[in-house]
Amino acid sequence: MDHDEVARRAEALRARLYRTAYLYLGSEADALEAVDEGVYQALRALRQLRQPDFFETWLTRIVLNACHRELRRRRRLAGEEALPESAGPDAYDALPLKEAVRRLPEELRAVVILRYFAGYTQAETARALNIPQGTAATRQRRALQLLRLELGEEGDA
């Protein structure tokens, strides 16, 4: 696989990668930055891709790592200064489901975002997260149970 093919395939995945990054980060600008950084890192690490058939999950994992770095950076900055996450109100941010997903533990949130919001299959999700498929299924069930509990409680209040 050469750089031109990587660029072409990454462009075809851009919307899916952006959606995933946006759900992780909650900010359009940060999501675009994470996707761009992920594609750049993929181009630099192209020799490490052992199976071109898994390009999509490999690139997704790189973008997820960029999202994790951004979240760690935000946590460090949160102690220093309180900056808003986005420049303006976003109607999507007010949805109870989005907030409930954000409150899930990281390993559960990753599975939910990839499976239900980015449209990955269970096998693709497992490969992207570098976990066994059974573990992905277990995390998915646990996450859905927690979401039902939380959203059910909010609906009663």
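This is a predicted model: local features need pLDDT of at least 70, side-chain atom pairs count only at pLDDT 80 or more; totals for chains, interfaces and linings use all residues.

User: What pattern does the protein chain follow along the sequence?

Analyst: Helices (H or I, at least four residues) and strands (E, at least two) are DSSP runs, numbered from the N terminus. By that count the protein chain has seven helices and zero strands. Read in order, that gives α-α-α-α-α-α-α.

User: By how much does helix 1 bend at leucine 13?

Analyst: Start with the length: the expected span of a helix is 1.5 Å times one less than its number of residues. For the 23 residues of helix 1 (residues 3-25), a straight helix would span 33 Å, yet the end C-alpha atoms are only 28 Å apart. At leucine 13, helix 1 bends by about 55°.

User: Which residue follows helix 1, with a positive phi?

Analyst: The phi there is positive, near 75°. The residue that follows helix 1 is glycine 26.

User: What share of the 157 residues counts as buried?

Analyst: Buried means under 20% relative accessible area, exposed over 50%, and partly exposed in between (1.4 Å probe, protein chains only). In helix 1 the buried set includes Val6, Ala10, Leu13, Arg16 and Leu17. Over the 157 residues of the protein chain, the buried share is 39%.

User: How much of the accessible surface belongs to carbon and sulfur atoms?

Analyst: Areas come from the Shrake-Rupley method with a 1.4 Å probe, and for residues only the protein chains shown count as cover. The protein chain has an accessible surface of about 9300 Å². The part belonging to carbon and sulfur atoms is 51%.

User: Which residues touch the most other members of the largest nonpolar core?

Analyst: A nonpolar core is a set of buried Ala, Val, Leu, Ile, Met, Phe, Trp, Tyr and Cys residues joined through side-chain atoms within 4.5 Å. The largest one here has 44 residues, and the two touching the most other members are Tyr24 and Leu59. Among the elements giving two or more residues to this core are helix 1, helix 2 (28-44) and helix 7 (133-156). So, to land on the names asked for by definition of membership, they are Tyr24 and Leu59.

User: What does tyrosine 24 touch, beyond residues up to four places away in sequence?

Analyst: Contact means heavy atoms within 4.5 Å. Across the protein chain, residues 24 or more positions apart account for 67% of the contacts with a separation of 6 or more. For tyrosine 24, the partners are Leu64, Cys67, His68, Leu71, Glu106, Ala110 and Ile113.

User: How far apart are N and O in the salt bridge of glutamate 70 and arginine 73?

Analyst: A salt bridge is a side-chain nitrogen of Lys or Arg within 4 Å of a carboxyl oxygen of Asp or Glu, and the structure holds twelve. Glutamate 70 and arginine 73 sit three residues apart in helix 3 (residues 55-80), about one turn of the helix. Glutamate 70 is buried at 15% relative accessible area, whereas arginine 73 is partly exposed at 34%. Their N to O distance is 2.6 Å.

User: Is glutamate 124 buried or exposed?

Analyst: Glutamate 124 lies in helix 6. Leaving aside neighbours within four places in sequence, it contacts Arg16, Thr57 and Gly119. Its relative accessibility is 18%, so glutamate 124 counts as buried.

User: What phi does asparagine 130 take?

Analyst: Most residues other than glycine have a negative phi. Asparagine 130, in the loop between helix 6 and helix 7, is exposed at 68% relative accessibility. Although it is not a glycine, asparagine 130 has a positive phi of about 60°.

Conventions. Residues are numbered from 1 along each chain as its sequence is written. Side-chain values use heavy atoms; hydrogens and water are left out. The bend at a residue is the angle between axes fitted to the seven residues ending there and the seven starting there.
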